[in-house]
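Please read the following numbered points with the model in view.

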Amino acid sequence: MAPLTIRTFLSRGFALSRVNASAKHQLNSLGGKCLYRYSVPVGTRSQSTITSTPIPEITDHFPNIRTHEDLYNLSVDQPEEFWGRLAKSRLQWQKEFTVVSESEVATGSFRWFPDGDLNVAVNCVDRHAALTPEKSALIWEKDEPGQEQHVTYRELLDMVCRLANVLLSEGVRKGDRVALYMPVCPMAVAAMLACARIGAIHSVVFAGFSKEALAARIRDASASVVITTDEGVRGGKVIPLKQTVDAAVKECRAVRRVLVAARTGAQVPMGPLDVSLEEAMASASSECPPATVGAEDFLFMLYTSGSTGKPKGIAHSSAGYLLYASVTHKHVFDYRPGDVFGCVADIGWITGHTYVVYGPLANGATTVLFESTPTYPDPGRYWETVERLRITQFYGAPTAIRLLIKHGDIWVHKYDRSSLRTLGSVGEPINHEAWHWYHTVVGNGNCTVVDTWWQTETGGIMLSPRPSAPDAPIAPAMPMRPMFGIRPILCDEKGRPVQGNDVSGALCIQSLWPGMARTVFGDHKRFMETYFNPYPGYYFSGDGGHRDADGFYHITGRMDDVINVTGHRLGTAEVEDAMTEHPSVAETAVVGFPHDVKGEGVYAFVTLKDNIEEEQAVVLDELKKITRTKIAAYAVPDVILVCPGLPKTRSGKIMRRLLRQIAANRADALGDVTTLADPSVVSLIVEKHRQQNQAK
Ligand code: WT7
């Protein structure tokens with residue numbers, strides 16, 4: 001008989017540790033404060049021999065299709081046939097759909113499987129808990145190395161149901177928004193899925209965002225409940241998450257409740273809004289019937305930066321998003337039952353949503369929750385984790401790879417990476433050096449390397465070397481090929497698709513796909529203006545692209561005022577807005593510049609008001625602080641240059657192109673500046689930039 005299992009949420013983290021009955025006494029005398037305990041009845045362990053959820057091969061659905069090319073053509077020529085079949089076979093429906101897509105660019109209405117109902121939590125948890133209850137759904141790779149914790153599908157179901165019941169008892173109803181400000185941990189995943197279970201919409205805010213950024217996002221979504229942890233731990237550093245939430249919710253009147261889970265067990269002040277999540281879960285029922293959720297009801301919203309100062313709450317659907325997450329997870333990464341999928345992204349970004357949580361769990365996979373950093377406690381952390389957990393797919397960002405290259409190959413060679421089959425890259429263009437190092441040093445030349453291009457708005461991977469014909473060659477450092485159902489095009493300035501190969505243009509998508517965002521929360525007009533009006537008839541990504549002589553795609557970078565810092569999107573206007581709040585600042589212009597680790601760095605050109613009383617050095621310090629408190633640490637400028645003026649056209653528009661060239665040390669190629677209102681300011685700025693560079 002299976003031993004009596006007791007689940008405890010220990011003070012040093014809401015560990016899902018299993019101890020047998022005799023250990024119960026010892027546990028009580030561990031000295032740690034036991035926050036929460038409930039017992040799982042004896043004998044509930046199923047003796048299931050099924051160890052993995054089978055996923056049909058895509059060719060099983062299309063028996064007459066022979067080649068990848070034929071399948072891709074079918075997916076773009078007959079999208080309803082293609083996605084309809086996959087949606088029926090891959091997802092479990094409460095009510096099956098009869099219509100595959102009712103989508104129209106002209107009216108801005110995008111609806112997939114509109115008359116179907118399905119619950120995302122059931123698809124990600126219940127159906128696997130029924131089939132493979134003892135399989136690990138999550139492996140939590142905690143910040144502290146070597147302390148991983150497994151959460152089985154059965155345990156995850158229990159957590160999700162209890163948490164869903166807590167949300168219901170707090171009055172959260174279908175369509176309500178719940179904000180999450182949490183580290184990467186099982187409780188965060190359970191919270192996302194608990195929202196899905198009751199049809200609430202989660203809005204995860206990256207736990208590196210400041211109090212003000214958090215408050216603005218809570219307010220924009222009118223979230224009524226916030227879920228957080230006492231503290232976070234990253235790279236050995238403690239982050240006071242609850243304290244930040246306390247300060248943020250003071251500015252958010254709609255918040256009725258803050259649920260606080262224990263990560264470190266620190267004593268944090270608990271006010272009238274606050275409730276211990278573990279305590280609430282302990283007394284909640286472990287059964288929670290899933291809500292009936294329409295395919296098009298929103299599953300979540302996630303904020304992303306654009307070219308204005310106000311981030312957009314990108315809203316994603318339930319069924320279409322989940323289908324796209326599941327299909328891309330399987331086919332880009334060659335996921336097979338039994339694999340251990342390791343995406344090291346934070347759940348605060350779209351990569352964490354789609355490839356830590358929804359894609360892998362929809363496929364019944366074991367997914368790794370990586371809480372730490374690439375260099376903690378040393379630069380071998382990723383590969384030590386790969387060895388210990390036997391990770392089969394590793395998905396990370398070029399900025400981390402570039403950082404690790406600097407530390408040397410020795411940190412890679414120390415560990416056994418033979419479990420790896422696929423290495424993925426995401427978030428920014430991967431440079432050739434990083435790609436080759438990833439392929440040769442990390443992968444020993446044995447792994448498929450996929451550079452994956454996509455966006456918060458696309459829901460899942462859009463361009464990637466795989467899927468393709470099994471032996472199709474992979475060229476270094478480019479995403480190459482479209483995913484099933486995706487027809488990329490490049491447009492010229494007039495909005496016309498450019499034909500042929502070896503051409504560049506604005507990267508647009510001609511097809512519609514189930515994973516695409518549906519709207520900007522509360523602002524559909526902005527959604528249309530940003531994504532569909534610039535190139536009528538097509539989705540505009542904001543990126544420039546190049547189609548090479550062989551017809552393969554390469555990303556050339558953003559076309560708008562958005563920069564990509566350590567794989568995180570940052571609107572230059574956000575940084576400018578934050579800095580101009582400083583009383584001594586007259587004007588600012590922020591641009592990106594090439595940075596060998598971060599990808600892009602933040603360069604701020606600033607003019608100060610006359611007669612400022614403070615020392616300039618003090619102002620510069622305060623400007624750095626202001627960007628940190630208003631946005632996040634990654635938004636702090638690498639360079640601030642105080643200028644006598646900014647280069648403007650006669651109509652008063654700042655010529656950012658010039659500033660970008662100066663920041664990139666390309667002042668020799670500035671070209672014609674005679675159209676400026678005051679051309680002389682340019683040479684003054686160039687000179688100041690040169691002096692500041694030399695002084696470094
Ligand atoms: C922007 C989207 C998609 C998850 C992470 C970022 C850039 C992303 C690549 C790539 C070149 C890339 C683009 C895109 N980007 N992946 N493989 N090659 N650029 O999501 O925050 O929505 O940012 O990141 O500029 O538009 P995001």
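1. In strand S17, Gly342 has Phe394 as its bridge partner. Strands, like helices, are DSSP runs numbered from the N terminus (strands E, at least two residues; helices H or I, at least four). Strand S15 (residues 340-343) runs parallel to S17, with three bridges between them; two strands pair if DSSP finds at least two bridges.

2. Phe394 also stands opposite Leu423 in S18. Four bridges connect S17 with strand S18 (residues 422-426), again in the parallel sense.

3. Along strand S17 (residues 393-396), Gln393 and Tyr395 point one way, while Phe394 and Gly396 point the other way, and all are buried. Buried means under 20% relative accessible area, exposed over 50%, and partly exposed in between (1.4 Å probe, protein chains only). In a regular strand, side chains alternate between the two faces of the sheet.

4. An open sheet of mixed pairing is formed by eight strands, ordered S12-S11-S8-S6-S7-S13-S14-S22. Strand S12 (274-276) and strand S22 (519-520) each have a single partner strand, so one side of each lacks a neighbour in the sheet. Strand S11 (residues 257-261) runs parallel to S12 and is joined to S12 by three bridges; Leu259 has Val275 as its bridge partner in S12.

5. This is a predicted model: local features need pLDDT of at least 70, side-chain atom pairs count only at pLDDT 80 or more, and totals for chains, interfaces and linings use all residues. Residues are numbered from 1 along each chain as its sequence is written, and side-chain values use heavy atoms, leaving out hydrogens and water.

6. The mean pLDDT (the predictor's confidence in each residue, from 0 to 100) is 92, and 93% of residues reach 70 or more.
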